Amino acid sequence: MKKRFLKTAVCMIAAGVLAVSGTGLTVRAEEGYTYSYDYWGDIQYSPDAYEVVGVYTSADLGLELPLKRPEGLFVKGNSIYVCDTGNNRILELQRTDKDTISYVRSIDGIRGDVEVKEFNSPTDVTITDDGYIYVADMNNCRILKLDMDGNYIMAFTKPTDATFNQEIDFLPAKIAVDTAGRVYCVAKNVNKGLVKFENDGVFSGFVGATPVTYNWTDYVWKKFASKTQRENMEKFTPTEYDNLYMDHEGFIYATITQANQDDIDSGDTDIVKKLNLMGSDILVRNGELYVIGDLYWGNGGGYDGPSLFTDVTAMENDIYFVLDKTRGRVFAYDDQGRMLYGFGGPGNEGGYFRRPVALDHMEHDLLVLDSQDNSITLFTPTQYGQLIFDAIEQFQDGFYDESGASWQEVMNQNNNYDLAYIGIGRSLLRQKKYQEAMDYFKLKYDDDNYSKAFKQYRKQWVEDHIGIIFAVVALLMIVPLAIGRIKRIRWEIDKADIFMNQK
Amino acid sequence: MTALFKKNQKIADYKKSLQFAFYCLTHPLDGFWDLTHEKRGSIAVANTILIVTLLARLMRLQFTGFLFLRVYWPEINIILQIGSVLFVLAMWCVGNWALTTLFDGKGRLGQIYVATCYGMLPYPLIQFPLLILSNVVTVDEAEFYMVLSSFSLVWAAVLILFAMAQIHEYKMAKNIGFIIATVFAMLVMVFILLLFFSMISQGVAYFISIVRELLFRV
């Protein structure tokens with residue numbers, strides 16, 4: 001950790017010196033925005049993968065009543081739904097153009113047969129394919145199901161089941177709804193996992209509870225500690241989820257922010273999970289680094305500690321993005337759990353955030369909701385970012401040659417990008433160019449892929465040289481045999497001589 | 001004529017004690033007894049083995065397949081790499097000699113050095129072929145490399161253990177006790193050296209500041 005801190009400190013000093021000296025300022029400033037990590041975990045600055053299309057504030061959207069602490073964001077097609085938590089309303093916005101977002105309507109209350117017709121701190125909203133709006137109406141302790149006009153259909157309320165702690169209020173914070181109308185909910189103060197409701201409103205249990213783990217040093221300590229000491233010690237409680245996202249296949253991406261720093265650093269706690277229907281974590285973590293966002297947490301300008309992911313969103317190509325509220329950054333990971341890039345930072349400029357709370361995507365574009373700035377930032381991939389998407393999608397669709405070519409383009413723009421090398425290697429591997437693939441994998445220390453290529457290469461080599469190998473083996477066997485034979489003949493001759501002499 | 005004969009004799013002796021090093025590999029008890037008591041070991045061969053060991057350690061960094069060893073070159077210091085072996089070896093010899101000489105150990109400092117170096121022979125002997133092996137295996141076959149690599153260290157450790165028992169004429173229990181004590185002696189030496197160097201640097205800094213002060217005022 002100390003080493004990391006030093007490295008960051010050196011980087012910061014270097015950046016400071018450069019900024020003061022003012023040479024090459026424009027280039028430097030650009031370099032700092034987007035970065036990735038190489039095999040060693042060193043920061044490699046890269047061209048920007050995303051650029052800001054616009055930052056949309058209340059004034060830009062033409063709202064009479066400005067946004068107040070918005071918490072939730074949901075994108076459906078071209079429509080953007082925002083939970084204006086402080087004003088107890090849901091806003092529907094429309095992206096009409098590449099760079100225009102306009103106000104459509106506001107859902108201020110619920111119509112129909114329901115007692116409480118107003119929202120009270122709605123924190124999340126979800127629209128299903130069959131045209132229903134689900135709202136996490138937090139301080140009313142309910143999840144509402146409405147039709148598109150805001151008519152009341154039903155409500156999901158506090159479970160009466162004994163497994164749900166009846167002493168606490170049911171405070172739904174974030175919700176996701178699957179195609180069958182089942183509701184998954186992150187509720188405050190619930191640490192048993194996601195609260196799951198059937199589509200008829202019946203509580204059907206918890207999903208994805210984190211198993212309680214402890215290490216043996218803690219166990220030994222507790223044996224020796226007195227009762228009061230034990231009470232003061234950190235309790236072994238499972239972690240609470242903070243946010244969730246249901247991807248196109250129905251898997252739930254969930255994030256956790258309440259985790260021990262050391263556990264995050266050592267990879268003991270997974271702060272991003274992908275849950276299947278059974279609630280088990282199926283996120284692929286084949287990267288050299290853990291899925292933890294920033295590796296260097298050096299204290300700078302009041303920003304300290306690990307990346308804390310408040311929201312997550314996954315695209316159709318299984319690339320997922322997480323939103324870090326500690327430093328206001330967005331990190332992209334591919335389907336193998338390798339970090340594609342990270343960008344952003346704390347600040348007031350476009351592309352920087354003060355208190356980002358929600359993230360969603362519209363095809364390849366990203367939207368980030370900032371609850372302190374009361375604004376929505378719209379990002380779109382740059383040519384470089386689009387190339388990375390192309391390369392990954394082409395590979396997923398089986399166009400290996402094209403994928404290799406796209407990665408080559410990426411590499412032309414960013415020579416320090418490990419994934420480009422590995423991407424080219426994987427494409428070459430599929431094209432059965434093993435030796436070239438090996439070179440690329442070796443450069444970026446990808447041992448698994450290297451082994452795959454090398455195994456084939458070795459097989460091919462043996463097959464090509466089978467004649468020589470046999471010859472060498474045969475020679476190795478024949479030569480000692482022949483020598484033995486010669487020695488024996490000599491010995492027999494000698495013996496014969498002696499025999500004759502004796503006679 | 002005599003000079004030439006002597007030189008030939010020297011080469012022959014060297015060859016003989018080099019061959020004897022290989023004998024010690026498989027016959028540690030017998031071999032290390034003869035090493036000192038029959039004077040079959042030599043400092044020249046010990047130096048050779050040490051140099052080859054160092055070479056194996058350095059070549060390992062460069063030529064091992066990346067599946068097994070990934071070197072962050074910016075942080076590699078060749079002096080430190082060599083020093084980490086030589087310094088520990090020197091401390092081991094001195095520490096062991098200093099302790100055993102007080103408790104009926106029969107080995108002299110030179111003999112401890114020679115025996116330890118002879119004991120290190122398995123390391124280069126296995127590591128050099130492993131360099132080649134590491135470049136022709138895949139991750140699935142990595143176990144072979146791992147096992148052989150640790151075997152080279154275990155073998156060397158066992159040899160050194162027996163070597164110490166034989167040259168000091170110790171029983172095994174006493175020998176192990178003294179090896180543990182030697183490790184502590186090494187730690188004490190490191191501590192004293194650190195203390196020494198920090199004291200010296202403080203002292204030097206003191207006089208430098210006095211001289212500076214004087215220059216300033218006069």
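This is a predicted model: local features need pLDDT of at least 70, side-chain atom pairs count only at pLDDT 80 or more; totals for chains, interfaces and linings use all residues.

Residues are numbered from 1 along each chain as its sequence is written, chains are lettered from A and ligands numbered from 1 in the order in which they are written, and side-chain values use heavy atoms, with hydrogens and water left out.

**Domains.** Colour chain A by domain: domain 1 spans 32–381, domain 2 spans 401–464 and domain 3 spans 466–503; the bounds come from an automatic or database domain assignment. Between the C-alpha centres of domain 2 and domain 3 of chain A, the distance is 50 Å.

**Sheet.** Next, select β4, β5, β6 and β7 of chain A, which form an open, antiparallel sheet of four strands in the order β4-β5-β6-β7. Strands are DSSP runs (E, at least two residues), as helices are (H or I, at least four), numbered from the N terminus; two strands pair if DSSP finds at least two bridges between them. β4 (72–76) and β7 (100–107) of chain A are the edge strands, each pairing on one side only. Seven bridges connect β6 (residues 89–97) of chain A with the antiparallel β7(A). Zoom in on A:Glu92, whose bridge partner in β7(A) is A:Arg105.

**Loops.** Select A:Asn374, in the loop between β24 (365–370) and β25 (375–381) of chain A. Its phi is positive, near 50°, in a residue other than glycine. Finally, move to B:Asp104, in the loop between α4 (78–100) and α5 (109–119) of chain B. B:Asp104 is not a glycine, yet has a positive phi of about 65°.
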